Amino acid sequence: MKFDLEAVDTKTLSERGVVMEVLAVSTGKPMLNRHGKPVTLTLLGPDSDVFRTETRAALRDRLSRVPELDKLDAATRTMREAEATEEAAKRILVKLTVGWTGILDEKGEDVPFTAEAAAALYEQFPVVREQADSFVNDRARFLMASSAT
């Protein structure tokens, strides 16, 4: 059965991916690389199958560690849980990143998109990771109704 509910359809664009402009920290405006080209990431959304699959996998992984964590003192357990949560969030974001434009290496040449390169980008530039994470978690960016405007 098909429904006509574009005003709440976040699934379609979550699966297709939406382009996010990376913003310069100093100005809050879209960042341009040294060749004057926009720096963008293409991201799957929170209602994509990838997001749901990876989130479930992270939860299963966390639950499998509960017996091990229960043996630790509270401070160590808290630190391990925080580290694991951060790593899981990075893995999920890398899986949700499906392309980019304008990303250059130190020689000014285009860096081809790969999952490994995305992981390195997020590790080297936490502000880009933060922007991508915030973008992905804003369902309004994945609304079909707003994509027509």
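Start at the largest pocket, which has a volume of about 460 Å³. A pocket here is an open set of points on a 1 Å grid over the protein atoms alone, where a 1.4 Å probe fits and protein lies on both sides within 12 Å along at least five of seven lines; the volume is the space filled by probe spheres set on the points, joined across faces, edges and corners. The model is predicted: local features need pLDDT of at least 70 and side-chain atom pairs pLDDT 80 or more, while totals for chains, interfaces and linings use all residues. Residues are numbered from 1 along each chain as its sequence is written, and side-chain values use heavy atoms, without hydrogens and water.

Now select Met31, Ile103, Leu104, Leu121 and Phe125, which lie nearest the centre of the largest pocket among its 22 lining residues (lining means an atom within 4 Å of a point). Next, show α5 (115-124) and α6 (126-136), the elements that give two or more residues to this lining; helices are DSSP runs of H or I, at least four residues. The largest share, four residues, comes from α5.

Move on to the second largest pocket, with about 150 Å³ of space. Select its lining, including Phe51, Thr85, Leu93 and Asp133. α2 (49-64), α4 and α6 each supply at least two residues, and α4 gives the largest share, six.

Finish on α4 (residues 74-96) by picking Lysine 90.
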